[in-house]
Amino acid sequence: MVDESEPAVPVVLPERIIPPRAYHDPAVHRDEVTRLFRRSWLFAGFTDDLRDDDDFITAELAGTSVVVQNFRGALRALHNVCSHRFARLQTAACGNRRLVCPYHGWLYNADGVPVGIPGNDEHFGFDRERRRALALDRFEVAVRGRFVFVRLEPGGAGLDEHLGAYGPLLDHVSAAFPDRFDDQTVPWAADWKIGVESVLEVYHVASVHPETFKPFFRGTWDIESQPPHSRGVAALSDTGVRYWNGIVRHLGLRTTDRHRDYDNITIFPNLALGITHGAMLSVQTYDPVAPGRCDLRFRLFLAAAERRDGPVRRHVEDSLRAINLRVLEEDRAVSETVQRGIVQARRPAVPGRNEARIHTFHAAWLDRMDRDDYSIMG
Ligand code: FES
Ligand SMILES: [Fe+2]
């Protein structure tokens, strides 16, 4: 618990803070992609969308378009770019379709090899070996609970090792929150790190979310660091408990007792989970798009319920969608001002003791980047 009455002591040295230029410099962005994102397990979607043969999901992971597809029960992650003349192979966010290019109809197998090339004998004459040389890049894919992760460059810790103490938590929420009722992507004119930082503290809640978020919380915040990941639990206010108990009752939700308050977990580098009163799960990723730009993708889930349809259910889902979007719009607006400010910053940021999860995040970022290049001010 953060005790505001304690005397302020610096908890972090400036050299453990990400320098401001790392939030907008194109050279740093390129380094982040190669050193950090390509070597990390990145959240790509849910097994919910991959149950059947030829089910697929697509994701744009740090500038690489990836398709994860079910090939007769086996999940494969492949570069979603045709070897012929580079069309996207799967263009939807998810669906059920063979891995066939929409442009000229090249068909790919589970190894990413183009096994069906219309007019091959006449126009190309590719033998087996030549076709194998044209295989799509293949990436590592691993699953925890219903969460699907992809790593673009092989090597390093396995997914379970990477998740550490939060692996069982992903198992638990996978079982507890089966019903997705929202899935949206919102472009932010802010660096992905600013997006992640916006969920790492509740210091901003009183100023940024005075009507949407603040009334539901007591203002206390228990934090726990499991580097490179971290977790914060904010106690619900009486208003918050009443509101959520009403929803639980109206919808007949079977809530999980493990997350009674508002529980926020960030999985490095860019995945955030928010669990409210054991009733709702929000899953967010802040995907880097370009220096100073990211895409926030968020999904909302409800706990298991007796009934999943009817006007009451629809009404509650609509209002939860609306309030969630409003909170995220408040975060987007202030984060975009941070982006405009950070390009003018000449000193490192000064997170306080009540922003300790920011310190964990910055230390993890610096560990993965080359410290000699980045642990400098300015
Ligand atoms: S670009 Fe894919 S088949 Fe031509
Ligand atoms: Fe916020």
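Predicted model: local features only at pLDDT ≥ 70, side-chain atom pairs only at ≥ 80, totals over all residues.

Trainee: Which domains does the chain have?
Mentor: Domain 1 covers 2-19 + 177-375 and domain 2 covers 42-159; the bounds come from an automatic or database domain assignment. Their centres, taken over C-alpha atoms, are 32 Å apart.

Trainee: How many residues does each domain put into the contact?
Mentor: Domain 1 gives 14 residues and domain 2 gives 14 residues, with contact meaning heavy atoms within 4.5 Å.

Trainee: How much area do domain 1 and domain 2 bury between them?
Mentor: About 960 Å², 60% of it on carbon and sulfur atoms. Buried area is the accessible area (1.4 Å probe) that two parts lose on being put together, summed over both. Arg180, Leu271 and Arg299 supply 33% of what domain 1 buries against domain 2, more than any other three residues.

Trainee: What does arginine 180 form a salt bridge with?
Mentor: Aspartate 49, with the closest N and O atoms 2.7 Å apart. The rule (a side-chain nitrogen of Lys or Arg within 4 Å of a carboxyl oxygen of Asp or Glu) finds one salt bridge across the interface of domain 1 and domain 2.

Trainee: Which strands supply the side of domain 1 that touches domain 2?
Mentor: Strand 15 (271-276), strand 16 (280-290) and strand 17 (293-302) each supply at least two residues. Strand 16 has the largest share, four residues. Strands here are DSSP runs (E, at least two residues), numbered from the N terminus.

Trainee: New topic: threonine 276. Buried or exposed?
Mentor: Threonine 276, in strand 15, counts as buried because its relative accessibility is 8%; buried means under 20% relative accessible area (1.4 Å probe, protein chains only). Leaving aside neighbours within four places in sequence, threonine 276 is in contact with Leu236, Trp244, Asp261 and Tyr262.

Trainee: And where is histidine 259?
Mentor: In the loop between strand 13 (253-254) and strand 14 (262-267). Histidine 259 is buried too, at 3% relative accessibility. Not counting residues up to four places away in sequence, histidine 259 touches several residues, among them Leu169, Arg231 and Ile275.

Note on methods: Residues numbered from 1 in each chain as written. Chains lettered and ligands numbered in written order. Heavy atoms only, no water. Buried < 20%, exposed > 50% of the residue type's maximum accessible area, 1.4 Å probe, protein only.
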